[in-house]
Amino acid sequence: MNYIYKPSWQISENEVTSESVYFGRRNFLKSLIGIGLTSSLLPLTGCQKSASETALENTINSPKLMAITNPKFAQVDRPITEELLAAKYNNFYEFGGTKNIWLKSQKLPLDNWKIEVTGLVKKPRIYDLDTIKKEFELEERIYRFRCVEAWSMVLPWLGFPMKKLLAAVEPTSEAKYVRFTSFYDPQITTGPGIHLGELPWPYTEGLRIEEMANELAFLAIGIYGHELPKQHGAPLRMVLPWKYGFKGAKSIVKIEFLATQPATYWNTINASEYDFEANVNPTKPHPRWSQATEKFISNGPNISWQIKETLPYNGYGDYVASLY
Ligand code: MTE
């Protein structure tokens, strides 16, 4: 039996992380002293927490999830990004055009959330979070995450492979594409352009059905051992580690199976900068910057952006190159 029936977050970190990860974290803790973020991580130092630090910590204080660690995705060659850094460096344009939307995104209303799965399927369904937890065995997967803006992280997701959803709803033979739609309510999502009608809200993304069936394609309901914080796209988001991060729509309300390729948010805004496929590719520059390297955030954007070479398909070519 290969599986570990405990999320790695419940095991002391030197049991589950490589030596470099472990010592990277210790250095990170030391470096945090310089930016006043240590109070949550070093409760015995007596440092005073600011209201903002406490508020940020509260956002990640969501219910714990039990999951099996998928041994194929238990580790990558880089340390896991520190949780509080990942929680305060986000893209969620529904709540603003800066990275610093963690507080504004707390307006997202999660009560009675429904995810409609519809279109060209034999068994259309409406899921809520409880049904998802009951029907899909949760896995933990540590994946590289690469944004089109040329920064990257390593994140531990909890969720289930998209192919299990395909098995549950049974797409018909006409279904060739899938559209994922994010939550949108102009009374609540008050980001740029929401009220001007200039941007193609709601946020949508799309995949070919073969991409959705790939082993890597994942639907996450959690991160770092607990339910997704709102800024990461609660209660359910897409995770596609071989593609740029914008393909991973957050806070999904609808999944539709279609015969033709759907229009998507970024591709509609600027197709030459955000192509539909959006596979991580070091040899294909973004029109405004190179994609040959990336700034890897493990210890914090203000402390150590490590420059790393971008890997084709973000290092996941063995799983996905045959699709293209
Ligand atoms: N999903 C929605 N609904 N709205 C967004 O603005 N931004 C995308 C993606 N999914 C976005 C979204 C982009 S550009 C990135 S890089 C990732 O979310 C960021 O995910 P994170 O904030 O959890 O790291």
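Arg78 lies over the face of Phe296, 5.6 Å from the ring centre, and Arg144 is placed likewise over the face of Tyr316, at 5.5 Å from the ring centre; a charge sits over a ring if NZ of Lys or CZ of Arg is within 6 Å of the ring centre and within 35 degrees of the ring normal. The model is predicted, and local features need pLDDT of at least 70, side-chain atom pairs count only at pLDDT 80 or more, and totals for chains, interfaces and linings use all residues. Residues are numbered from 1 along each chain as its sequence is written, and side-chain values use heavy atoms, with hydrogens and water left out.

The chain has 9 helices and 13 strands, which are DSSP runs numbered from the N terminus (helices being H or I with at least four residues, strands E with at least two). Of its 324 residues, 53% are buried, where buried means under 20% relative accessible area, exposed over 50% and partly exposed in between, with a 1.4 Å probe and protein chains only. Among contacts between residues at least 6 apart in sequence, 73% join residues at least 24 apart, a contact being heavy atoms within 4.5 Å.

Aromatic rings are the next topic. A pair of aromatic rings is described by the distance of the centres and the angle of the planes. A search of the whole structure finds 21 aromatic pairs, counting rings of Phe, Tyr and Trp (its six-membered ring) whose centres lie within 6.5 Å, with planes under 30 degrees apart taken as stacked, over 60 as edge-to-face and the rest as tilted. One of these pairs is formed by Tyr93 and Trp266, which are edge-to-face at 5.2 Å centre to centre with 80° between the planes. This pair links distant parts of the chain, since Tyr93 is in the loop between helix 4 (83-86) and strand 2 (115-119) while Trp266 is in helix 8 (residues 265-269), 173 residues apart. Tyr93 is buried, with a relative accessible area of 18%, and Trp266 is buried too, at 14%. Tyr177 and Phe276 are edge-to-face because their ring centres are 6.2 Å apart and their planes stand at 70°. Tyr177 lies in strand 6 (residues 177-182) and Phe276 in the loop between helix 8 and strand 12 (293-297), so this pair ties together parts that are 99 residues apart in sequence. Tyr93 and Trp266 also belong to one aromatic cluster with Trp201, Tyr203, Phe246, Tyr265 and Tyr274.

A pocket is an open set of points on a 1 Å grid over the protein atoms alone, with protein on both sides within 12 Å along at least five of seven lines, whereas a cavity is a set where a 1.4 Å probe fits but cannot get out; lining residues have an atom within 4 Å of a point. The largest share of its lining, 4 residues, comes from strand 5.

Trp157 is found in strand 5 (residues 151-161) and is buried, with a relative accessible area of 1%. Beyond its neighbours within four places in sequence, Trp157 is in contact with residues including Phe145, Phe218, Arg237 and Val239. Trp157, Phe145, Arg237 and Val239 are also among the residues that line the largest cavity, which holds about 60 Å³ of space. Strand 10 (residues 237-239) gives the most to that lining, with 3 residues.

The second largest cavity has a volume of about 50 Å³, and its lining includes Ile115, Phe160 and Leu236. This lining divides into 10 nonpolar, no polar and no charged residues, with Ala, Val, Leu, Ile, Met, Phe, Trp, Tyr, Cys and Pro counted as nonpolar, Asp, Glu, Lys and Arg as charged, and the others, Gly among them, as polar.

The backbone deserves a last look. Most residues other than glycine have a negative phi, and most peptide bonds are trans. The bond from Trp201 to Pro202 is cis, with omega near 0°, and the bond from Ala234 to Pro235 is cis with omega near -5°. Ser251 has a positive phi of about 45° although it is not a glycine, and at 1% relative accessibility Ser251 counts as buried.

Terms used:
Grid points are joined across faces, edges and corners, and a volume is the space filled by probe spheres set on the points.
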